[in-house]
Amino acid sequence: GHAQGRYPIADINWHHVETPYMISLWVLFASYAKIAFHLTDKLAKIFPESCLLIILGIIVGIVIYFAAHDVMLDYTLDSDTFFLFLLPPIVLEAGYFMPNRSFFDNIGTILLYAVVGTLFNVFCIGTSLYGIVALGWVSVPMDLLDCLVFSSLISAVDPVAVLAVFEEVHVNESLFILVFGESLLNDAVTVVLYRMFKQFAAMGADNILPVDCVVGVTSFLIIGIGGTLIGIVWGLLTGFVTKFTDHVRVIEPLFVFVMSYLSYLTAEIFGFSGIMAIVFCGIIMKKYVEANISQKSHTTVKYFMKMLTSISETIIFMFLGLSAVRDDHVWDSAFVLCTLFFCLFYRAIGVIILTALANKFRAIKVNKVEQFIMAYGGLRGAIAFSLVILLEEPTKVMAQRKSLFLTTCLIVIFFTVFVQGMTVKPLVDKLKVKKSHKHKPSMGEKIFTRLIDHAMAGIEDVIGSHGHNYWRDKWEEIDRKYLQPLLMREKPEAKDSQILQVYTNLNIKDAMEYVKSAGSFNVQ
Amino acid sequence: MGSRSSLLLRDEEIEEIRRTTGFSHNQIIRLYHRFNSLDKSNNGFLSREDFLRIPELAINPLGDRIIHAFFGETHDSTLNFKQYVKVLATFRPVKDGSDNRLNSREEKLKFAFKMYDVDHNDKISREELLLVLQMMVGANISEEQLGCIADRTIQEADNDNDGLISFEEFQKAMERTDVEQKMSIRFLH
């Protein structure tokens with residue numbers, strides 16, 4: 001009872017702090033796990049970090065399952081947390097540190113894989129799954145639309161999983177950008193198809209008019225382009241704002257994070273692709289922001305971004321493991337195995353067909369080995385899982401169906417992350433895929449490369465066909481004439497600021513090294 | 001070649017060009033049409049003026065040098081179709097196996113090297129480098145600053161300490177760059 005006593009010196013106020021406390025504990029625990037994995041080189045050599053995190057998540061899940069079963073459901077990955085808090089930092093980092101040059105050089109191929117490839121996968125996997133349902137191999141009743149809902153969420157290659165695995169592999173830049181670019185840009189297609197089929201399934205197959213399909217299929221253009229435009233606008237705004245921050249240096253990093261996050265949220269308000277928005281926001285702002293903010297702010301932005309990404313990724317994979325431990329699994333061997341097979345099979349077919357098409361238009365062809373790695377690198381991840389969680393379950397049949405989808409989805413994710421993730425590195429070595437040589441360019445290299453860029457744009461003018469060298473040249477001209485004067489505080493004096501930038505960076509590096517080597521001076 | 005020959009290309013000629021350059025029949029025809037449309041005086045030869053008439057090339061900061069490299073060591077002031085195609089063959093994408101010599105990495109780099117080397121002595125001097133830098137970076141930057149950049153570049157690349165960059169040293173400096181990719185163009189069929 002309420003004894004009107006003395007003023008309490010100490011009291012237990014658990015509920016007051018529960019949520020932030022649990023979040024902090026999670027972050028702390030995930031970070032300890034990360035440190036632990038890197039203490040032993042052996043583990044990290046065999047397993048990609050993402051695998052270890054999932055395993056750890058499963059272990060934690062089992063512990064909670066037996067220790068506190070009733071709170072289990074509070075600690076699974078829920079899709080709002082994922083889409084609003086965990087995903088944006090990762091895609092922002094991806095856009096901000098995007099190797100722009102190879103991204104735009106390969107944009108045609110990337111879009112082909114992302115749009116046509118995803119459509120192909122969704123429809124092939126969906127109809128094939130319906131095929132096995134019609135054959136009576138599956139115990140849970142479902143119709144074609146249910147299969148398509150499921151295939152639309154399982155077909156998309158996941159940027160988080162791809163990054164987590166490929167960052168450790170170091171394949172050459174153009175191969176990396178093909179897989180990774182696809183995983184970022186297929187978001188528009190996935191979102192549209194998922195929403196459309198879910199809506200159709202709710203309406204019932206009989207009420208769908210042909211016009212619905214046409215509107216649905218074309219709406220991915222609006223969703224993709226809308227997201228991209230919102231991202232570009234916010235990116236330019238961020239560049240513009242940082243033009244005026246030279247007296248308030250401490251808040252410079254804030255603009256980068258808040259404004260890009262707002263681009264994501266703004267796109268989500270309209271139902272556009274938030275992923276595309278924040279990626280393009282990052283791509284666009286980087287150049288102007290870096291020219292405007294101080295060196296220290298720049299370092300802060302960089303490390304804060306890397307830290308956020310790393311922690312989001314860690315939490316996502318641990319959550320994936322944790323969320324796999326639950327009561328409501330529905331296992332159906334035929335459905336699970338067929339889904340797994342169809343995912344691999346159609347991914348391979350899709351890559352082969354689309355690469356054959358893309359190679360007709362590419363100067364540098366995607367060779368057989370690279371096609372294999374592309375098909376093999378199509379990892380599925382937390383986006384698929386979060387979309388399954390979003391499925392409704394008003395009736396018992398639907399709940400059962402959702403559970404089956406969830407189980408199958410987890411199996412596919414675990415298979416791609418574990419089996420493909422663990423074997424991709426040895427395969428890359430075995431097949432002698434060209435690796436990337438990441439290095440800071442030397443002065444000569446930069447100058448000679450810039451010369452080559454101009455030369456190639458010139459050659460394209462001579463033969464009269466406009467390739468990406470021509471368009472890059474055009475963009476650089478627009479950038480120099482209109483955007484840089486508008487968005488940069490100091491008007492660039494040089495026509496080619498890249499060369500000066502490299503020179504400055506090299507000098508700073510030399511100076512730092514000099515200071516370091518002189519650091520052992522005896523202070524008199 | 002007579003003055004009328006610019007209108008038609010004989011099959012044997014196409015065949016020969018195909019063999020030496022590796023272009024396909026259709027690519028050669030397409031390039032030939034382009035050649036003819038550039039050849040304003042219609043005499044079967046391209047002059048430097050013909051190149052300068054290409055609007056984008058005229059505003060390219062290195063337009064002059066590209067043309068210079070096109071004409072190469074031939075001190076002629078004109079280029080016939082075969083010479084034109086031969087230079088362009090340098091930029092054919094490198095394919096495993098079916099390579100002819102014209103589009104090798106070395107030939108691609110040679111083209112870039114020629115853009116610096118105005119006096120054809122197979123070395124890039126500080127002055128030659130500085131000139132190109134001025135074209136690319138612009139006149140607003142002080143000569144002193146550009147000089148520092150040029151010095152640094154030479155110091156990095158110059159292995160034999162003669163103050164000049166030879167073609168071998170140039171190749172070495174570009175060792176880690178994907179020249180095959182950067183210097184390849186897709187020629188339409």
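**Conventions.** I worked with a predicted model in which local features need pLDDT of at least 70 and side-chain atom pairs count only at pLDDT 80 or more, while totals for chains, interfaces and linings use all residues. Residues are numbered from 1 along each chain as written, chains are lettered from A and ligands numbered from 1 in written order, and side-chain values use heavy atoms, without hydrogens and water.

With helices as DSSP runs of H or I of at least four residues and strands as E runs of at least two, residues 104-139 of chain B are 67% helix and 6% strand, and their end C-alpha atoms lie 35 Å apart. For residues 150-180 of chain B I noted 55% helix and 6% strand, with 25 Å between the end C-alpha atoms.

**Cysteines.** I found zero disulfides over all chains, taking a disulfide as two cysteine sulfur atoms within 2.5 Å. The sulfur of A:C147 is too far for a bond, because the closest cysteine sulfur, in A:C338, is 11 Å away. A:C147 is buried at 1% relative accessible area, whereas A:C213 is partly exposed at 34% (buried is under 20%, exposed over 50%, partly exposed in between, with a 1.4 Å probe and protein chains only).

**Helix pair.** In chain B, helix α1 (residues 11-21) packs against helix α2 (residues 25-38) at about 110°, with axes 10 Å apart, so α1(B) and α2(B) are roughly perpendicular (65 to 115 degrees).

Technical notes: Axes fitted to C-alpha atoms, helices over the stretch in contact; angles between N-to-C directions. Parallel < 35°, antiparallel > 145°, perpendicular 65-115°, else oblique.
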